[in-house]
Amino acid sequence: MRKIKRWETMAAPSYYKKFRCAASECRDTCCQGWQISIDAQSWKRYVRLSKAQRRRDGRGTDERVCGPWIKKGLDFRKHAFAMEDGKCAFLDKNLLCRLQKTGGQKLLCDTCRRYPRHMEAYGGLKEFSLSLSCPEAAKMILAQRGRMRFDCVKRECRTVDKKGAGRRRGEKKMLKMLLKQRKQLFSILQNPSLSLKNRIAEILAAAQQEQAALRGHKASGRREKIVCQEDEKRQKEQRYVFMASCLEAFGQLEPIQKEWKRQMQAEWNMLYADGFEQYEHKTEDFKRHGQEIETIGEKILAYFLYVYFLGGMYDGQIESKVKFAVLSWLVIREWAMARKEKKGSISLDDWIELSSHYSREVEHSDENLEMLERMAQEHPLFQSEKIVCAL
């Protein structure tokens, strides 16, 4: 059978290779607060080790009994690591992994070895990212200077059968179009001459137009702006109702960290408990951090657009992915406003904590991601015009 050569492009944010795990110095270790599933190959290895009675060093002498402590750290019902007081059973008193200390990186399961690094493949493109759920990664993402930039490498990969080349050409065409659209979105997002509110409105308008074109509808050459049709007072009231409704919508998500969810809801309720007028006063007070809010907002939106937009290559839904990015920013911003009310101030460390916890709750559950994207696509609350009124 005839074969053809293929090339693949590997891309990652410029900060990707600089990541180093903070280990015991981490402000919120990834080895606690959630269940860590184990891939099939690693599970077989752990089960085999759990049956070993003794581990010998290079001189052939008994070093330690390793079977019992490995067996104790496994949850045989869920094929995951056992949890003790909300922490992985292999986490020692110094917040270091006993498995890694014993056998190095090779003894870790896929999740622990790769996290927070993530890779998505789109035809001939592989994109790498760091998950916002990791506090150290979140610090790199939110504290980076200037625009998000990318490092790209093109290399020849293994030859493949010519069969299916037509399908790959179709994927390549779709990918090329989406990359062009995402580049346009980044250009709008990183335009310093516009306020973040106006940039988001333009991004939503561009996504709406491109979605119409993708569905086969004739898109006008000139993009129509999405504006809030309400007067100033009514617009403020709509934001109050919209954000309070968002709290209810996010309350339907599968809880990854139950304590985190309770904390989030308690802090959010502080914003709405005293009614619209007090909420508006809190909003105006929060706006005094205008430049900081704009900078953080740009970083968070860039992250979500980079990670999720190209997923439209498989389901054709690009507008909902842009809405998801915007809604994620609005939720994190609202929570930051609640945190300021609670503490009296808001710092970069607060933004890092809130962003990473939001990411853990949303990005690490396929069910939550699907629910939010479906709501962004279908729920009347999340129409672009209503989102713009909430900005």
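This is a predicted model: local features need pLDDT of at least 70, side-chain atom pairs count only at pLDDT 80 or more; totals for chains, interfaces and linings use all residues.

Me: OK. At what angle do H9 and H13 pack?

Reply: About 75 degrees, with the axes of H9 (residues 258-272) and H13 (residues 319-343) 9 Å apart. Angles of 65 to 115 degrees count as roughly perpendicular, so that is what H9 is to H13.

Me: Which residues make the contact?

Reply: From H9 you have Trp260, Gln263, Met264, Glu267, Trp268, Met270, Leu271 and Tyr272. H13 brings Val331, Glu334, Trp335, Met337, Ala338, Arg339, Glu341 and Lys342.

Me: And how do the residues of that contact divide by class?

Reply: For H9 with H13, ten are nonpolar, one is polar and five are charged.

Me: Now H5 and H14. What's the angle there?

Reply: H5 (residues 135-143) packs on H14 (residues 348-363) at about 120 degrees, and their axes are 9 Å apart. H5 and H14 are therefore oblique to each other.

Me: Is that crossing left-handed or right-handed?

Reply: The crossing of H5 and H14 is right-handed.

Me: Who touches whom?

Reply: Pro135, Ala138, Lys139, Leu142 and Ala143 are the H5 side. They meet Leu348, Trp351, Ile352, Ser355, Ser356 and Arg360 in H14. Sorted by class, the contact of H5 with H14 has seven nonpolar, two polar and two charged residues.

Me: Switching to cysteines. How many disulfides are there in the whole structure?

Reply: Zero, from a search of the whole structure. Take cysteine 134: the nearest cysteine sulfur belongs to cysteine 26 and is 5.9 Å away. A disulfide needs the two sulfurs within 2.5 Å.

Me: Is cysteine 134 buried or exposed?

Reply: Buried, because its relative accessibility is 8% and the cut-off for buried is under 20%. Cysteine 246 is buried as well, at 1%.

Me: Zooming out, what share of the chain is buried?

Reply: Buried residues make up 48% of the 391 residues.

Me: And what secondary structure is there?

Reply: The chain comes to 16 helices and ten strands.

Methods: Residues are numbered from 1 along each chain as its sequence is written. Side-chain values use heavy atoms; hydrogens and water are left out. Axes are lines fitted to C-alpha atoms, for helices over the stretch in contact, and angles run from 0 to 180 degrees between N-to-C directions. Helices (H or I, at least four residues) and strands (E, at least two) are DSSP runs, numbered from the N terminus. Angles under 35 degrees count as roughly parallel, over 145 as roughly antiparallel, 65 to 115 as roughly perpendicular and the rest as oblique. A crossing is left-handed if the near helix is turned anticlockwise from the far one by less than a right angle, and right-handed if clockwise. Contact means heavy atoms within 4.5 Å. Ala, Val, Leu, Ile, Met, Phe, Trp, Tyr, Cys and Pro count as nonpolar, Asp, Glu, Lys and Arg as charged, and the others, Gly among them, as polar. Buried means under 20% relative accessible area, exposed over 50%, partly exposed in between (1.4 Å probe, protein chains only).
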